[in-house]
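The sequence and model come first.

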Amino acid sequence: SIKIHQNMDENILTTCLHSRHTALGAQMSPFAGYDMPIQYRGIVEEHNAVRTACGVFDVSHMGEVIVSGPDATDFVNYIFTNDVSQAADGQCLYGMMLSERGGVVDDLLVYRFSAERYLLVINASNIAKDEAWIEERSADINPASAEGMFFRVDLEMVSEVVAELAIQGPKAEDTIENVLGIKCSDLGFYTFKEIEIDGHKALISRTGYTGEDGFELYAEEEIIQQAWDKLVGSGKCEPCGLGCRDTLRFEVGLPLYGDELADDITPIEAGLGMFVKLDKPHMMGRDALLAQKAAGAPRKLVGLELADRAIPRHGYEVLNDADEVVGHVTTGYHAISVDKSVAMALVDARYAAQGTTLKVRIRRKTFPCTVVAKRFYKKSYKK
């Protein structure tokens with residue numbers, strides 16, 4: 001199970017790979033309550049390894065919840081924006097959990113084992129909040145029940161016993177099959193299967209957070225430790241920290257909770273409407289989103305490209321030509337793969353059209369920028 005150690009007079013959680021990170025000389029830093037590796041050789045080197053070959057990430061800080069029971073499909077559809085009733089067994093779906101106001105409680109992956117069993121993978125920073133919220137929602141009356149019954153579901157909070165690796169990059173499939181001996185070439189994009197490793201149950205999915213082909217492996221800690229050792233020891237898989245995980249996801253326009261998504265940002269504003277099935281009759285936040293869609297979202301998430309090499313950071317103000325604040329940067333970098341200073345920003349919808357000229361205030365200076373598509377680098381998923 002996950003251990004706790006003292007760090008600067010604070011209780012910091014660690015994953016089962018912590019000693020391996022420090023042995024490799026990783027730069028460690030608190031993230032979502034965990035002491036996590038930010039980089040090993042360097043963010044640029046690790047970023048490029050994932051874009052061109054293969055990298056492995058410790059993502060054991062992520063949370064996992066198993067939902068099972070006769071009403072599992074009804075319940076997951078009630079709390080989740082995508083439609084699991086239309087998914088096949090062995091399929092993964094991306095979506096969000098919403099408040100009644102339509103704000104995002106969290107974004108997550110849902111794995112469908114069957115109509116009566118699902119795995120929810122939630123963000124590390126939201127584990128306690130999400131678990132409490134899911135428990136509260138399970139005590140709601142099932143709106144699909146003619147008898148006015150509560151949801152007949154069992155919830156298993158398994159974050160502390162499940163560890164996870166993300167193996168990402170164009171050579172990920174070959175590396176997993178040859179180094180770990182796990183057949184994964186049969187998996188389609190956003191599908192998964194249950195496997196056995198040394199007599200222990202595990203799960204592997206063709207999913208990721210980098211814009212490259214890749215896989216995520218869930219298992220008990222001992223199995224994840226062994227897999228990490230084999231992958232890193234093979235020389236075919238670069239150990240990667242959370243620094244390049246962020247630069248990789250940012251370049252392909254993938255959102256991060258707390259930046260592009262939050263309890264005061266709706267999926268419509270974030271441009272994630274394709275993952276929200278408003279034709280479902282019963283879903284938390286559905287009425288609020290229908291109203292916002294009808295009225296038009298007041299803000300939109302956009303891409304910004306600067307002519308200068310200055311780097312916009314989270315929270316920096318976005319201004320119009322009259323120097324009025326019309327939004328703020330959610331994430332910004334000098335993007336490694338495209339060699340440009342770019343950002344994602346939440347701006348007033350009146351300024352969201354591509355080609356609109358705006359300015360970003362970086363410290364005491366302003367820098368001109370142009371609204372562009374928020375995907376700065378083309379994804380390379382295997383469909």
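## Helices α2 and α7

Helix α2 (residues 43-52) and α7 have axes that come within 8 Å and cross at roughly 55°. The axes are lines fitted to C-alpha atoms over the stretch in contact, with angles from 0 to 180 degrees between N-to-C directions. α2 is therefore oblique to α7 (angles under 35 degrees count as roughly parallel, over 145 as roughly antiparallel, 65 to 115 as roughly perpendicular, the rest as oblique). Helices (H or I, at least four residues) and strands (E, at least two) are DSSP runs, numbered from the N terminus.

From α2, the residues I43, E46, H47, V50 and R51 meet G243, C244, T247, L248 and E251 of α7, where contact means heavy atoms within 4.5 Å. By class, four nonpolar, three polar and three charged residues make up this contact (Ala, Val, Leu, Ile, Met, Phe, Trp, Tyr, Cys and Pro are nonpolar; Asp, Glu, Lys and Arg charged; the others, Gly among them, polar).

## Helices α3 and α4

The axes of α3 (residues 72-79) and α4 (residues 127-138) cross at roughly 120° and come within 11 Å. These two helices are therefore oblique to each other. F75, Y78 and I79 of α3 make the contact with W133, I134, R137 and S138 of α4.

## Basis of the values

This is a predicted model, in which local features need pLDDT of at least 70 and side-chain atom pairs count only at pLDDT 80 or more, while totals for chains, interfaces and linings use all residues. Residues are numbered from 1 along each chain as its sequence is written, and side-chain values use heavy atoms, leaving out hydrogens and water.

## Nonpolar core

Within the largest nonpolar core, of 42 residues, F57 and Y111 touch the most other members. Such a core is a set of buried Ala, Val, Leu, Ile, Met, Phe, Trp, Tyr and Cys residues joined through side-chain atoms within 4.5 Å; buried means under 20% relative accessible area, exposed over 50% and partly exposed in between, with a 1.4 Å probe and protein chains only.
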